[in-house]
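Colleague: I am new to reading models like this one. Could you walk me through it with questions and answers?

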Amino acid sequence: MPKLIASLTSPFARKVRIVATEKHIEFELVIDPPAAPDTHVPEFNPLGKVPVWVMDDGHSLFDSRVICEHLDNISPAHPLIPREHRPRIAVKRWEALADGINDAAALIFMERKRPAAQQSPEWIARQFGKIQRGLAAMATDLGPRDWCCEHNYTLADIAVGCALGYLDLRFSGEIDWRRNHPTLSELYDRLMQLPSFKDSAP
Ligand SMILES: N[C@@H](CCC(=O)N[C@@H](CS)C(=O)NCC(=O)O)C(=O)O
């Protein structure tokens, strides 16, 4: 059985777990936080990041975008990335935006773990700017629709949901995305009805 090396808080790993579940692909979840001193993650991903998908022949795949595309291709269940060029690129753009919010959020989280004197408030503010602009762009692009793309549930919704969930985990009380962007709040509530989202909540 393939293995997913992950941490339980990683929004990128959550995206992969949700995709695998929607695609009915079985896997063994191996929890290995990459910042732990005894982590084995670099043995599977030279970049030392999770998620990593280890196939039955021992070949490993990273990062989450590559893994999600792989999973969408190997199972016919519930297509999550359109095959046609324009809608496909639209889904990938949503994913890039949501993942970019996660990158900025993770960087702030790590910066704040450094001794106070070594932290850069300007750099933290720069990352917050990416998150706030990213949220505004997602709300604008979603408009009044139920789902991000083509009126269907796709990888775009999964990626956005994982970013929103991660903001709740790291910045609840600091970034009020639900009040500022009610349509994103409705989208997240809709996603949290799905067992794949409920079961992977950080
Ligand atoms: N672009 C990567 C990002 C993965 C990533 O940043 N993962 C974080 C956990 S949320 C990590 O492993 N960080 C450890 C490190 O950067 O050393 C992906 O989509 O998989």
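**Domains, fold and local features**

Modeller: Begin with the two domains: 14 residues of domain 1 are in contact with 23 residues of domain 2. Contact means heavy atoms within 4.5 Å. This is a predicted model, where local features need pLDDT of at least 70 and side-chain atom pairs count only at pLDDT 80 or more, while totals for chains, interfaces and linings use all residues. Residues are numbered from 1 along each chain as its sequence is written, and side-chain values use heavy atoms, with hydrogens and water left out.

Colleague: How far apart do the C-alpha centres of domain 1 and domain 2 lie?

Modeller: Domain 1 covers 3-74 and domain 2 covers 85-199. These bounds come from an automatic or database domain assignment. The distance between their C-alpha centres is 20 Å.

Colleague: In what order do the elements of the protein run from the N terminus?

Modeller: There are nine helices and four strands. Helices (H or I, at least four residues) and strands (E, at least two) are DSSP runs, numbered from the N terminus. The order is β-α-β-α-β-β-α-α-α-α-α-α-α.

Colleague: What is the radius of gyration of the protein?

Modeller: The radius is taken over C-alpha atoms, and the globule rule is 2.2 Å times the number of residues to the power 0.38. For 202 residues the rule gives 17 Å, and the protein comes close to that, so it is as compact as a globular protein of that length. Its radius of gyration is 17 Å.

Colleague: What share of the residues of the protein count as buried?

Modeller: Buried means under 20% relative accessible area, exposed over 50%, and partly exposed in between (1.4 Å probe, protein chains only). The protein has 202 residues. The buried share is 46%.

Colleague: Which elements cover the buried residues of α3?

Modeller: Helix α3 spans 64-74. Its buried residues are Ser64, Ile67, Cys68, His70, Leu71 and Asp72. The cover over them includes α1, β3, β4, α4 and α6.

Colleague: Where is Pro51 found, and what is omega of the cis peptide bond that joins it to Val50?

Modeller: Pro51 sits in the loop between α2 (41-44) and β3 (52-54). The bond from Val50 to Pro51 is cis. Its omega is about 10 degrees.

Colleague: Which residue does a cis peptide bond join to Phe62?

Modeller: Omega of this bond is near 0 degrees.

Colleague: Is His24 buried or exposed?

Modeller: His24 lies in the loop between α1 (11-22) and β2 (28-31). Its phi is positive, about 55 degrees, although it is not a glycine. With a relative accessible area of 65%, His24 is exposed.

Colleague: What is the relative accessibility of His78?

Modeller: His78 is in the loop between α3 and α4 (85-111). Its phi is near 40 degrees, a positive value in a residue other than glycine. His78 counts as partly exposed, at 35%.

Colleague: What distance separates the C-alpha atoms of Thr140 and His181?

Modeller: Thr140 is in helix α5 (residues 121-142). Thr140 is exposed, with a relative accessible area of 61%. Thr140 and His181 are 41 residues apart along the chain. Their C-alpha atoms are separated by 9.3 Å.
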